[in-house]
Amino acid sequence: MEENVIQVLVVRAQEGDTEAFAKLYDHFFLPIYRYTAFRAPREMVEDLVADVFVKSWEKLHTYKMRRGVPFGAWLFRIARYTVIDAYRTQRDFDEVPEEFADTDILNHADTSLHRKDLLRIVRTALSALPRKYRDVLLLSYVAELSSSEVARVLRITEGSMRVLKMRALRKLEALLPAEMVNRV
């Protein structure tokens with residue numbers, strides 16, 4: 001969805017149009033869900049994603065287009081702080097669970113096992129990264145945000161974001177087994 005279409009929907013939603021907000025929800029649900037799923041335990045993800053959209057609806061009147069922050073970046077800031085708040089209130093869980101259930105029945109057992117193993121290794125390496133590195137990688141690759149959107153979410157310049165992303169990738173590469181780096 002183009003940014004200008006998103007902006008029109010935001011204006012309509014700010015005027016109380018719930019159908020416009022529903023379209024924004026449909027467009028941003030999957031990226032927000034994926035981002036949250038990598039940051040929180042599986043049993044909390046749905047509640048956190050719901051909180052993100054409830055908060056965005058409640059605070060929609062505070063979003064200002066003229067500040068140069070795309071709506072998606074504003075929404076991901078809410079998601080980021082919602083996850084952080086959840087950690088502050090419940091410090092008894094690990095950020096990234098060890099296992100990942102592949103529910104696609106079309107996958108072969110060995111492919112599923114291989115993916116689970118790769119995911120476990122990558123999640124372990126990600127959890128060893130400093131938070132700023134982990135955030136830039138999750139926003140870039142899991143949430144699939146553009147460089148400018150990641151920069152806006154993290155409140156840094158695009159140049160700083162690119163440097164941060166490069167350093168994060170190098171650090172991640174150093175944490176992964178050599179045979180995995182060569183395969184990926």
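What share of the contacts with a separation of 6 or more comes from residues 24 or more positions apart? I looked this up in the chain, which is a predicted model. The share is 64%.

**Entry: the elements.** I went through the secondary structure next. I found nine helices and zero strands. From the N terminus on, the order reads α-α-α-α-α-α-α-α-α.

Entry: The chain has 184 residues, and 41% of them are buried. I then looked up the surface. The chain exposes about 10,900 Å². Carbon and sulfur atoms supply 53% of that area.

**Entry: the cores.** I looked for nonpolar cores. The largest one has 47 residues. Leu24, Phe28, Ile32, Phe71, Phe76, Val136 and Leu139 touch the most other members. In soluble globular proteins, nonpolar side chains tend to be buried together.

**Entry: Phe76.** I left aside neighbours within four places in sequence. Phe76 is then in contact with Pro31, Ile32, Tyr35, Leu139, Ala143, Leu145 and Val153.

**Entry: Tyr81.** Is Tyr81 buried, partly exposed or exposed? Tyr81 is found in helix H4. Its relative accessible area is 38%, so Tyr81 counts as partly exposed. I also checked Tyr81 against Val52. They are 29 residues apart in sequence. In space, the distance from C-alpha to C-alpha is 9.0 Å.

Notes
Residues numbered from 1 in each chain as written. Predicted model: local features only at pLDDT ≥ 70, side-chain atom pairs only at ≥ 80, totals over all residues. Heavy atoms only, no water. Helix = DSSP H or I, 4+ residues; strand = E, 2+ residues; numbered from the N terminus. Buried < 20%, exposed > 50% of the residue type's maximum accessible area, 1.4 Å probe, protein only. Contact = heavy atoms within 4.5 Å. Areas by Shrake-Rupley, 256 points an atom, 1.4 Å probe, with all protein chains shown as cover. Core = buried A, V, L, I, M, F, W, Y, C linked by side-chain atoms within 4.5 Å.
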